[in-house]
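These are my notebook entries on a single structure. I record below what I looked up, entry by entry.

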Amino acid sequence: MTPRRSLCLQAKRWVTPSLAGLLLASTAQAEVVQEALETNHFAITIERVADGFTNPWAVAFLPDGRYLVSERSGELNLVDANGQSQVLEGMPQVSQNGQGGLLDVVLHPEFGTGDGDGEHDWIYFTWSKPEGNNSHSAVSRVKWQGDSLGDVEHLFEQDRASSPGRHYGSRLAWLKDGTLLMSIGDRGVDPSRAQASDDHAGSTLRLTETGAVPDDNPFVDDNNTLDEIYTLGNRNIQGMTVLSNGEPWATEHGPRTGDELNHIVPGNNYGWPEVSLGNDYATNEPIGVRSKPGMEDPVYRFEGRFAPSGLAEVTSDAFGSWQGSLLAGGLASETLLRLELEGGNVVTEETILDGHIGRIRDVRQGPDDALYLLTDSNQGSLYRLHVAN
C-alpha cells in the first residue's frame, strides 16, 4: 500500500450512497490480501483499503466516497478511495492513556442532505476529555466543510472525572427517531459504579442530536437516576448497532470468559457487577451470580476470551444469506463472527475470520454493499470484504 501522505484536496461533491458505491468500486486501488476465503455460504475477498494508522478506533463513510478514520492519539484522518490520507486539523486535545483517546466517529443521519447549506453536515465523536490527571467520557461534534473541519461543539460529558486507563465504552449509534445512544464503561476501578443510578459510568445514554435529554428517556421522572441514562449495569460496551427493525444491540466486554451480546432495552439493568458470566482475572473465581431477578441475562455469551469490539448488521443484498446477521469483531481473539438471529436469539454462530488480519476494532456495513473492518495495532489497517467473483 502507498504510505500515508497529504492528498490533493478535491472540490466538495455530494453524491447519493448508491453513486458513492460506484465511485468506491471504480476508483479504489486496494490490495487483495485474501482472494477467495471460504465460508459456509460463499467465498469472500479481503482487500486492504488503507494502512499505516496508529491504533485506529472507528471508520465512517462520507457521501463522496471518502472515509474518516479515528486514531486513539486524537487524530482524525481523511482517507480517499486510493488509500491516501491526511490528518484533519481542529480536533480537541484528548487524554490518551491506556484505552482512552479519540474513539468512535459517526455522521449525523441526515449528513449530506438539505438545500446545500450543510445544515446536517456534522461529525460526532467520542473522546476522553482531560481534567487534570483524570478524564471524562465525552461526545462532541464538528461541522464538516467539504475538506476540512469547522468549529467543535461539546455536547455532553459524564458527570464525574475518573482516573484514566480503562473501560471507556464509547460506541455511538443512532436510533430511528434521530436520538443518539452512547455507551460509557464502568471505568475499571470501582465496578459498583455500574449499579449507581446517580453515576453515568457503566451505562448507555440516550441524547438528542444537540446533547440534550429526550423527554421520553426512561428515568426522566426518577429523581434518583440521571436523566441521560438509558440502561444500567453495563461493564464496557465497545460494539453497538441499530438493526433495520430499530432494535439496538451491543457487544460488551465481560470479565474473563464473560463477554456478552445484549439487546438494549430502555430502562433495563444488565447486572454488572452483581450478575456476570465471567471470572476474576487473578483468582479465576466467578464474579457475582449467574442470574438475578430484575436484571437482564445476556442474549448470548461468547466462548473463551473473545474481547468484542465493533458490531454491524449485514444489510446488503450482495451477501445473500448473511443479510440480517450480526457481524461481531474480536480484539484478543482476532476473530470475526457471524451471528444469525431468530426471534431475538442467536441460532447460528459462524467464524468468518480467525487471525487473518489481527485485532478487529471496528465493523461497519458500507454504503457500497461491502463490509469494512478496522484493525487495532500501531500499524492498523482498513479492510473491505465482499463476495468473491
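I began with burial: a residue is buried under 20% relative accessible area, exposed over 50% and partly exposed in between, with a 1.4 Å probe and protein chains only. Asp369 has a relative accessible area of 42%, so I noted it as partly exposed.

I recorded the basis of the entries. This is a predicted model, in which local features need pLDDT of at least 70 and side-chain atom pairs count only at pLDDT 80 or more, while totals for chains, interfaces and linings use all residues. Residues are numbered from 1 along each chain as its sequence is written, and side-chain values use heavy atoms, with hydrogens and water left out.

**Entry: backbone in loops**

I returned to Asp369, whose phi is near 75°, a positive value in a residue other than glycine. Asp369 lies in the loop between β23 (360–365) and β24 (371–375); strands are DSSP runs (E, at least two residues), numbered from the N terminus. Ser170, also not a glycine, has a positive phi near 80°. I found Ser170 in the loop between β10 (149–157) and β11 (172–174). Ser170 counts as buried because its relative accessibility is 0%.

I then looked up a cis peptide bond, which joins Trp272 and Pro273 with omega about -5°. Pro273 is in the loop between β17 (260–263) and β18 (300–301).

**Entry: aromatic rings**

I took the rings of Phe, Tyr and Trp (its six-membered ring) as a pair if their centres lie within 6.5 Å; planes under 30 degrees apart are stacked, over 60 edge-to-face and the rest tilted. The structure holds ten such pairs. Phe125 and Trp127 form a tilted pair, because their planes are at 45°, with ring centres 6.4 Å apart. Phe319 and Trp322 are stacked, at 5.5 Å centre to centre and 15° between the planes.

**Entry: an open sheet**

Which order do the four strands of the open sheet have? I read it as β3-β4-β5-β6, with antiparallel pairing; two strands pair if DSSP finds at least two bridges between them. β3 (56–61) and β6 (85–88) stand at the edges with a single partner strand each, so one side of each is left without a neighbour in the sheet. Five bridges join β3 to the antiparallel strand β4 (residues 67–71). Pro56 stands opposite Glu71 in β4.
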